[in-house]
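Here is a short briefing for a reader who is meeting this structure for the first time. Please look over the sequence and the model before reading on.

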Amino acid sequence: MIKHASPFHSFRLLLVALAGFALGASLAAQPPAAPSAADLESPAAREARVQWFRQAKFGLFIHWGLYSIPAGDWKGERSPGIGEWVMNRMQIPVTEYAKLAGGFNPIYFDAEAWVQMAEDAGMKYIVITSKHHDGFAMYHSKVSPYNIYDATPFHRDPIKELSEACARHHMPFGFYYSQSQDWHEPGGMGNNWDFPSNGEKSKSGAYDRYIREKAVPQVKELLSNYGPVCLMWFDTPQEMTRERGQVFIDAVRSLQPNTLIDGRLLPGGSGGDYQSTGDNAIPPEGKDGDWEVPATINQTWGFRKDDTNWKSPGEIIFKLVDIASKGGNYLLNVGPMPTGIIPQGSQNNLRSVGRWLKVNGEAVYGAGRSPFGDEFGDYAAKLRDRGGKAPFLPRTDWRCTTKPGKLYFTIFHLTERVGSSNDAYFNLPAFKNAIKTAYLLGDPQKTPLEVKTREDGSRSLVVSRFINDTMGAVAVVEIAGDAVGH
Ligand code: H79
């Protein structure tokens with residue numbers, strides 16, 4: 001097995017050691033016992049497991065499968081919506097969709113290049129579709145021959161190659177696995193054009209058979225054959241009861257007790273180690289606990305040849321800092337082509353984000369959420385949406401992240417010039433602490449910024465007005481005390 005020194009691995013060792021110590025203290029002569037199932041669901045165990053995730057903030061999601069071949073078209077017809085849903089949208093019969101495998105030969109696939117790109121982008125973990133709703137396994141599964149190794153001329157296991165490249169880069173690696181929907185199987189949820197309805201499958205025992213004979217055994221393969229798995233990303237729980245979900249939880253905990261479970265195994269996120277927001281759904285304000293926003297870089301997850309609407313580096317940086325300042329992680333997706341290449345436009349923009357993070361990453365990785373809140377915006381006073389509710393009107397001038405004794409203000413837009421000079425004021429929100437020093441992360445000399453204090457106590461940093469021409473400049477404010485007082 002490959003040596004893997006990523007943080008989640010050492011936390012697992014710590015956890016096992018701690019549990020072993022606690023049990024071992026009263027049974028001095030016994031070898032340390034493995035933690036029991038109950039220990040693994042304790043708040044302390046979850047807290048230890050989630051540490052690396054809390055530091056990471058920015059991950060790469062990869063949606064890759066047979067759907068990258070039709071890429072949004074089926075028999076000359078354009079299928080609207082997200083590319084990986086083409087089988088569903090066009091009601092393609094199982095036997096016909098399965099024929100795509102015979103033409104899947106991504107000879108330009110290069111695991112090293114993908115992981116290098118994630119690293120260049122400043123991303124700290126990778127999650128790839130091991131099996132999406134279409135039911136096709138992107139790894140060499142012994143459970144079902146409907147997989148990339150057995151059913152395609154490619155005859156390679158890209159997940160194996162990626163796991164090895166990730167190990168070389170100390171890049172935490174995890175799997176998306178569609179536990180509930182499987183349009184290839186008579187018992188899986190979602191395919192009601194070839195098979196009976198979800199409700200019937202749930203009642204007849206077909207769904208439980210699918211879970212027992214395909215989904216859980218495949219999840220076990222993924223946790224057994226690819227080294228440390230940082231997280232399992234389940235999705236769209238349908239007819240997923242607590243009992244059914246528990247079988248997946250047991251599989252994960254028994255094979256890799258330190259693997260995180262996302263918030264979509266069961267409805268409402270129960271059983272998970274962190275919450276998942278809706279797809280592309282950034283909460284309007286700060287949010288407690290550990291959570292993640294899964295998001296697209298264009299409008300689709302799986303590759304579509306008509307979608308090159310890449311979010312710009314500036315948009316991605318804003319979303320990343322926005323999410324971090326609200327307390328969450330950003331899991332940003334790319335959709336590789338059937339050649340094995342990640343579309344160049346998405347690569348370029350991610351690498352630009354990485355260059356920004358090289359300078360400003362201190363404000364993101366391991367940073368805590370904003371102690372303020374007014375900067376996020378406000379609910380409209382008079383405006384009402386169609387549901388009669390006040391819409392949230394976001395403000396985008398700046399965001400704040402924190403570390404003990406430090407406030408990081410990422411400034412996206414300055415409004416107030418200082419006279420007619422090239423200086424501008426960045427008006428600080430109110431807080432009681434004295435300011436020890438302030439400087440820009442982009443300034444290697446850390447030249448102290450002038451702090452202007454007015455009679456009413458309000459304070460501003462004096463910065464260059466040309467900050468408005470950047471993708472966000474970070475001003476560090478070092479304060480007396482660990483945290484702000486209001
Ligand atoms: O894996 C990605 C999506 O395929 C998956 N979650 C992310 C991470 C996902 N599964 N379901 N959904 C997202 C929501 C489905 C929305 C739908 Fe539709 C609306 C399905 C049918 C109507 C969009 C529009 C897809 C087809 C038409």
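How do the residues of the lining of the largest cavity divide into nonpolar, polar and charged? They divide into 6 nonpolar, 6 polar and 1 charged, where Ala, Val, Leu, Ile, Met, Phe, Trp, Tyr, Cys and Pro count as nonpolar, Asp, Glu, Lys and Arg as charged, and the others, Gly among them, as polar. This is a predicted model, in which local features need pLDDT of at least 70 and side-chain atom pairs count only at pLDDT 80 or more, while totals for chains, interfaces and linings use all residues. Residues are numbered from 1 along each chain as its sequence is written, and side-chain values use heavy atoms, with hydrogens and water left out.

**Overall form**
- The protein has 486 residues, for which a compact globule would have a radius of gyration near 23 Å, and the 24 Å of the protein agrees with this (taken over C-alpha atoms, with the globule rule being 2.2 Å times the number of residues to the power 0.38).
- Along its principal axes, the C-alpha trace spans about 75 × 70 × 45 Å.
- The secondary structure comes to 14 helices and 20 strands, which are DSSP runs of H or I with at least four residues and of E with at least two, respectively.

**Burial and contacts**
- Of the 486 residues, 54% are buried, meaning under 20% relative accessible area with a 1.4 Å probe and protein chains only.
- Among contacts (heavy atoms within 4.5 Å) with a separation of 6 or more, 71% are between residues 24 or more positions apart.

How values were computed:
Buried means under 20% relative accessible area, exposed over 50%, partly exposed in between (1.4 Å probe, protein chains only).
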